[in-house]
Amino acid sequence: MKKPLFILTAALFLQSTPIVHAQSADTTPICTDRPTKANATCTVPQGSWQLETDIGNTTHDQHGGVSTDTLYYLNPYFKYGLNDHQDIEINWAPAIRVRTKDDGRNRSVSGAGDVYVRLKSRLFSDDTVSMSLIPFIKAPTASHDLGNDRWEGGLVAPIGVALPRGFSLTLGPELDLLADSDGHGHHAAVTGLVNVAHPLTSRLSLAVELWAQDNRDPAGTIRQRSADAALIFLVNPTLQLDAGANFGLNRSTPDSQIYLGLSHRF
C-alpha cells in the first residue's frame, strides 16, 4: 500500500521546470505523489481538483510459515488546490481484502481503511531545488481487523533537486507518531528515501528508489527496507497512468508489492 506512510515522482520530472503561474493549469503537466512512495514538492493548482489512485494494488508476504496477501481495489487520494502553494488531500480506501494462510488454514478479512488528511505547503521552488512540508493525521475509521483503532500522524518534508542530463532527485525525510503495539501510548517512526527519475521518451518516465523505515515501538524496533521501481506514462497534460513494484530487502518488509494506478486533474 502506498504509503502508509516521499520524493519527486517521474511525473514531476516530466515538468522539469518550476511551476509557471501565468500558464494555464490545463496545459501544465500533472504532478503527483505517485506512483512510488515518494511525495513530489509541487501542489495542485489553485481551484483545481486532482484524483490519484491505485486501480489494483497487491502485497505478498511470507514469513514463518504464514502467507499474507493484501489487496487494495482502489486507494484514492482527492486533492484540492487552496492557493498557488498549498493543497489539501484526503485518502480513504473503500475496499481492502487481507487473506492469510497459516498451516493450511485460510482466513480472509474485508472492509474499508483508515482516513488520512494531509496539508501540503510548498516552501520554495527554483530551477534547482524545491521543498515542501506535509503534516498529516490518520483517523481510525478502518473496519475491524484492518486497523489499530488509534489516532496517528506525522510530518513529511520532500526535497526535490534537478540533476544534470535530465535526471531528478528527491529526498523524503519523514517523522511519524505511531501507536504502540500494546495499545498504550505512542512512539516515533523515522522514514527516509532516495528517489531518482529520468524520462525514457517524451511521455514515458522511469523512477527508482530506496526506502527505509525504523519503527521504534517499545516492544522492539522494526526496521523495513525496500527497493522500488515504477513507470509513468503521461497520456495528456491532465491524465497520467503508472505501474510499479516494490521489493522487500529484509525479513521485516513485505516480499513484494505490485500496483497499477491513475491520476487525473480536473
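Which residue forms a salt bridge with Asp 145? It's Arg 107, and the closest N and O atoms of the two are 2.8 Å apart. Before going further, keep in mind that this is a predicted model, where local features need pLDDT of at least 70, side-chain atom pairs count only at pLDDT 80 or more, and totals for chains, interfaces and linings use all residues. Residues are numbered from 1 along each chain as its sequence is written, and side-chain values use heavy atoms, with hydrogens and water left out.

**Salt bridges**

- Side chains of opposite charge can pair when their charged atoms come close.
- A salt bridge here is a side-chain nitrogen of Lys or Arg within 4 Å of a carboxyl oxygen of Asp or Glu, and the structure holds 13 of them.
- Back to the opening pair, Asp 145 with Arg 107: Asp 145 sits in the loop between S8 and strand S9 (152-156) and Arg 107 in strand S6 (residues 105-111), so the two tie together parts that are 38 residues apart in sequence.
- Strands (E, at least two residues) and helices (H or I, at least four) are DSSP runs, numbered from the N terminus.
- Asp 145 counts as partly exposed at 44% relative accessibility, and Arg 107 counts as partly exposed at 48%.
- For those labels, buried means under 20% relative accessible area, exposed means over 50%, and partly exposed is in between (1.4 Å probe, protein chains only).
- Lys 138 pairs up with Asp 114 in another salt bridge, its closest N and O atoms being 3.6 Å apart.
- Lys 138 is in strand S8 and Asp 114 is in the loop between S6 and S7, so this pair ties together parts 24 residues apart in sequence.
- Both Lys 138 and Asp 114 are buried.
- There's also one network, in which salt bridges that share partners join Asp 33, Glu 52, Lys 79, Glu 89, Arg 118 and Lys 120.

**Lys 37 and its partners**

- Lys 37 meets Asp 228 in a salt bridge of 2.9 Å, N to O.
- That pair links distant parts of the chain, 191 residues apart: Asp 228 is in strand S15 (residues 222-236), while Lys 37 is in the loop between helix H1 (10-15) and S1.
- Asp 228 is buried at 4% relative accessible area, and Lys 37 counts as buried at 11%.
- Lys 37 also lies over the face of Trp 211, at 4.9 Å from the ring centre; a charge sits over a ring if NZ of Lys or CZ of Arg is within 6 Å of the ring centre and within 35 degrees of the ring normal.

- S1 pairs antiparallel with strand S17 (residues 256-265) over nine bridges, and Gln 50 stands opposite Arg 265 in S17.
- Two strands count as paired if DSSP finds at least two bridges between them.
- S1 also pairs antiparallel with strand S2 (residues 66-74), this time over seven bridges, with Thr 59 opposite Thr 70 in S2.
- The hairpin of S1 and S2 has two residues between the strands, and Gly 64 takes a positive phi near 60 degrees there.
- Four bridges join S1 to S3, again antiparallel, and Trp 49 stands opposite Tyr 80 in S3.
- The structure holds one aromatic pair, and it's Trp 49 with Tyr 80: tilted, 4.8 Å centre to centre, 50 degrees between the planes.
- Rings of Phe, Tyr and Trp (its six-membered ring) pair if their centres lie within 6.5 Å; planes under 30 degrees apart count as stacked, over 60 as edge-to-face and the rest as tilted.
- Trp 49 counts as partly exposed at 43% relative accessibility, and Tyr 80 counts as partly exposed at 28%.

**Around strand S10**

- S10 (residues 159-162) pairs antiparallel with S8 (residues 129-139) over three bridges, and Gly 160 in S10 is the bridge partner of Ser 130.
- S10 and strand S11 (residues 168-171) run antiparallel, joined by four bridges, with Ile 159 opposite Leu 171 in S11.
- S10 and S11 form a hairpin with five residues between them, and Arg 165 in the turn has a positive phi of about 60 degrees.
- Phe 167 lies in the loop between S10 and S11 and counts as partly exposed at 34% relative accessibility.
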